[in-house]
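Reader: Please take me through the structure shown below, one question at a time.

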Amino acid sequence: MAELLQTLDANATLVQRHIWLINLLQWVRGPRLDTLASVLRVEYFLDALDAHPEKRAQMQDWWHMLITDLDVASLLSDYGFATGNSFLSELMDRLHGKLLPATPETRDGSELFALALSGPADAQWIAALTAPIVLRLADLLTFPAALPIASTQRPLTHWQNALIEAITFCTSQIRAAGLSPELRLRMSAASRHSSPFLTLGTAFEAVRDSWLQGGDSMAEWAQFRAQLELCRQATVSVYSHLDEHGISMDLVFRLRQIRARVLRIRSLLDCLLSDADHLHSARLLSQMAGLGHEQRSIAALLSASSSLLSAKVAERCSETGEHYITRTRAEYLVMLRDAAGGGAITALTTAAKFGVMALALSAFWSGYWAGAVYALSFVVIQLLHFTLATKQPAMTAPAMAAKLQDLKQPGALALFVDEVTHLVRSQVAAVIGNVVVVFPVVILLSWLMQQLWGQPLLDAQYAQKVLQSLTLLGPSLLFAAFTGVLLFVSSLVGGWVENWFVLHRLQSALRYNPRIVRRLGADRAMRWAHFMRQHISGFASNISLGFMLGLVPAFLGFLGLALDVRHVTLSTGQLGAAAASLGWGVLQQNAWWWAVASIPLIGMLNVGVSFYLAFTVALRALNVSREGRQQIYQAIRQRLRQAPMSFFMPAKEDAEVSKRD
């Protein structure tokens, strides 16, 4: 510290003063994150200044020069908030902050604050400062305002002047955001008509003028706080609109900014109106230091802005997922029938995929056209109301998680475990229906090709290559788990696109847009609007899954990552094509049996990974606690011990099951 005091120079240049401040706070922080030691260093620094009056006077001159050159009001009003007014602009700013170094040669108080108080420990040691230390710091660093606000009978310090300006800035920003058409049109009718944002500035001016004239300002302060609360309630009403009409990350980002600024104004008012011991000011600086790390974190921005979107995507998926859960024997048989239809279509997909491979295109175009074949096949399965087994888990998981909202109700956990058994049975039925049909249909297609063109779907050499690619001894299980991730991502795409469709009111546009109605007619426009609303999520998830299955391995191969996909139904179809080419002799090959052994495990990983990821996201979106999750897992294990067959076959008493549901 002695070296720091020796280099203290009130007449130093701006950048030298800032570097000295950074060094001082680094010394206070210390080499180890010890809050008590940091507090003792602050006290030791104050003692040293008291012991050397000339250094104390020099320190006050240095501080006066430092604080005069900085825009403290902007620091107090804006630090911790986005510099832009949209999610994407803030994301780009944070990326720049991660990649580009900052400089202490600045007059921006926020930039200097971020450099000087950049560590997570800074908020802790500032909050730990005792009242006597805070009073000593205030006595050292307080000086009169150079240009106090006009018409004041109260002597103002530089800090108080900055507080008033900061509240003015925050009030203006809240008012502008609240009156923007993007938010105003989504508020409740009562909030929109009362317009609390219009009079927010007037309410603050009453507080400010009363305080500057020497009054206690308590009545005006209470009115201003009430006005702030009305503004907060108006922004909360926007969430109800978003819940019904779709979530926008940009709108959620703006709403969170308004809420945070309301909280900042309350803190600034506490510092201005009731801070004789300066503890409110210390608490404010501690909060701002804590915001520093969060302000630079890209993960924190994505988490905060996407939480509601995740919940809405989970809700959209849960609506679709309900159709994939069978609860009675009759529904179980229907699932088998629909899965059989999906298996038959997938057999044609397998043949078309081998046709694309026979063209020997480049990696990108081969993946692109294979993806197009997959996407078309999945859409046909959707439109024919058939089932593809691996598409279910990512959709059914949010539907399952949605049933946990009332977990504390009597009997809710047992009913949830019942739903788990229904779900697992549904998955088993879908996989069986797909696999049992796709295998013989592919063999039949290969036989027809042999009869018509004199050669099977695959030649013997390529058939052996297929067996080697599917063998359990290779990386097939890793590829199957990776495919489960792609299945989960496709469900997110479907939920996001449906949310986007609803948010932008495209169903209404298709139904009532004059040009569309003139071209299609009113009845056809209505049918198209209803059709798209019902199928938009499925189209998005199926098309995205198809192209991911085709293109992602090609892109990863370009990057040197040899990851491929293994889809249980498509893999079974490929196995059928190989068997048709090699004939009965394939049963004598070890490679055949290793490939056969991998099929059920591929199915388990496809289903398990996609379900786990979707279920985890849904649980987080619904804020299910860790204790609640442990109760769920324990109840499922208990059901497995008591009635293991209930997870694979439906009970005969359909009536009883229906009654319980």
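Reader: Which residues lie nearest the centre of the largest pocket?

Author: This is a predicted model, in which local features need pLDDT of at least 70 and side-chain atom pairs count only at pLDDT 80 or more, while totals for chains, interfaces and linings use all residues. Residues are numbered from 1 along each chain as its sequence is written, and side-chain values use heavy atoms, with hydrogens and water left out. A pocket is an open set of points on a 1 Å grid over the protein atoms alone, with protein on both sides within 12 Å along at least five of seven lines, and its lining residues have an atom within 4 Å of a point. The largest pocket is lined by 45 residues, and those nearest its centre are Trp63, Leu137, Leu141, Trp159 and Leu285.

Reader: What volume does the largest pocket have?

Author: Grid points are joined across faces, edges and corners, and a volume is the space filled by probe spheres set on the points. For the largest pocket, this volume is about 1200 Å³.

Reader: Which helix gives the most residues to the lining of the largest pocket?

Author: Helices are DSSP runs of H or I with at least four residues, strands are runs of E with at least two, and both are numbered from the N terminus. By that assignment, the protein has 30 helices and zero strands. With five residues, spanning positions within 131-141, the element that gives the most to the lining is helix 9.

Reader: How many residues in the lining of the largest pocket are charged?

Author: Ala, Val, Leu, Ile, Met, Phe, Trp, Tyr, Cys and Pro count as nonpolar, Asp, Glu, Lys and Arg as charged, and the others, Gly among them, as polar. The lining holds 35 nonpolar and eight polar residues, and its charged residues number two.

Reader: Is Arg56 buried or exposed?

Author: Buried means under 20% relative accessible area, exposed over 50%, and partly exposed in between, with a 1.4 Å probe and protein chains only. Because its relative accessibility is 18%, Arg56 counts as buried.

Reader: With which residue does Arg56 form a salt bridge whose closest N and O atoms are 2.8 Å apart?

Author: A salt bridge is a side-chain nitrogen of Lys or Arg within 4 Å of a carboxyl oxygen of Asp or Glu. One such partner of Arg56 is Asp50, at 3.1 Å from N to O, and Asp50 is partly exposed at 40% relative accessible area. The partner at 2.8 Å is Asp139.

Reader: How many residues apart are Arg56 and Asp139?

Author: Asp139 is exposed, with a relative accessible area of 51%, and it forms a salt bridge with Arg56. The pair links distant parts of the chain, as Arg56 lies in helix 4 (residues 53-69) and Asp139 in helix 9, at a separation of 83 residues.

Reader: Which residues touch the most other members of the largest nonpolar core?

Author: A nonpolar core is a set of buried Ala, Val, Leu, Ile, Met, Phe, Trp, Tyr and Cys residues joined through side-chain atoms within 4.5 Å. This core has 74 residues, and those that touch the most other members are Trp62, Leu76 and Phe224.

Reader: Which residues does Phe531 contact, leaving aside its neighbours within four places in sequence?

Author: Phe531 is found in helix 26 (residues 522-558) and is partly exposed at 30% relative accessibility. Contact means heavy atoms within 4.5 Å. Leaving aside those neighbours, Phe531 contacts Leu383 and Phe539.

Methods: On a 1 Å grid over the protein atoms alone, a cavity is a set of points where a 1.4 Å probe fits but cannot get out, and a pocket is an open set with protein on both sides within 12 Å along at least five of seven lines; lining residues have an atom within 4 Å of a point.
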